[in-house]
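Good morning, colleagues. Please look at the sequence and the model now.

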Amino acid sequence: MCPCYEELLYDVPASEGILGSPLILIQVTRLMCGGFIFALRLNHTMSDGPGVVQFINAISEMAQGLSVPSLLPIWQRELLNARKPPRITRIHHEYEEVTNTKGTLMAMDENNLVHRSFFFGLKEIRALRNRLPASLGACSTFEVLIAYVWRCRTIAFAVDPDEVVRISCLINMRGKRGFDLPPGYYGNAFVYPASITKAGMLCKNPLEYAIRLLKKAKAEMSQEYMKSVADLMVIKGRPSFTQPGNYLISDLTHAGFGEVDFGWGKPVYGGVARALSNISFCMRFRNSKGEEGNVIPICLPPPVMERFEQELKRMTKEAEPVRLITSKL
């Protein structure tokens, strides 16, 4: 998304940790055309995506003259505390300990990755929906796209058919019954349940197979599941999410980054600057032709990226090829 990323947000030495690091880094770059780029890096222990948007909106309101933000920040982290006593009552595939038994579960050299962003307009999305049977029922654009990307990505990595692969989609807890998080709560309020299957099943079955897995994981979301996650954090000492063979993706199409106005109008682009090796984001984007669509940035090793692009084009052959926005990191 940002080919000059290092110039737009200075990497302050020793600022990438959790403890003893800045909560927020901000850099504003003035452009010769009269525009500007507002770049921000957040210590993720403080806030999630909606919380960041809330903070940026507060800055924009004060830049336009308000002395107090219209939505006041609320801490109240105790609302998501574990139960007493804590108890794990659900299966959490996203925190399972996994051994890369066959050595094919997507191990990546962080120093040898290609970063590209893929634009999906109405034609591409229509081509994918045309592959789905009516019996599948209604599907969101996000479900269709991430199932498609997950399948193509797994094929590109040539994972052993018997290896288990995962995809974890972030689900926002705000507005969920039973938690009653107040407006203004800016902390981390999400879970990322994992859909799992063997790589062979994902790759050989049609797109609807992956979508059904995603829908199943989403249907299992409940107050009890979320409380079980909080309890797991206490019982197991805040384990990291499963990494071998796991692909995380977050839907930021409704986060509000593109609606922020500092007094000069809405941004040309508002969203995450880049993907990580196993984490991508889905964001709204208007391309140079004025077409509205979704953009998904992805990081992959060069040969895997080449196979990934080939698979993307094969599955959308009914429409124009998926458009690329390429940058080197």
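The second largest pocket has a volume of about 400 Å³. A pocket here is an open set of points on a 1 Å grid over the protein atoms alone, where a 1.4 Å probe fits, with protein on both sides within 12 Å along at least five of seven lines; lining residues have an atom within 4 Å of a point. The volume is the space filled by probe spheres set on the points, which are joined across faces, edges and corners. Of its 18 lining residues, G258, E259, R284, F285 and E292 are closest to the centre. Strand β9 (residues 279-286) gives the largest share of the lining, 4 residues; strands are DSSP runs of E, at least two residues long, and helices runs of H or I, at least four, numbered from the N terminus.

This is a predicted model: local features need pLDDT of at least 70 and side-chain atom pairs 80 or more, while totals for chains, interfaces and linings use all residues. Residues are numbered from 1 along each chain as its sequence is written, and side-chain values use heavy atoms, without hydrogens and water.

Within β9 lies S280, which is buried at 1% relative accessible area, buried being under 20% with a 1.4 Å probe and protein chains only. A polar atom of the S280 side chain lies 2.9 Å from the backbone oxygen of P297.

Which residues of α2 are buried? They are G51, V52, V53, Q54, I56, A58 and S60, and the buried residues of α2 pack against β2 (36-42). After α2 comes G65, with a positive phi near 120°.

Terms used. Buried < 20%, exposed > 50% of the residue type's maximum accessible area, 1.4 Å probe, protein only. Contact = heavy atoms within 4.5 Å. Polar contact = N/O pair within 3.5 Å; in protein donor to acceptor, adjacent residues only side chain to side chain.
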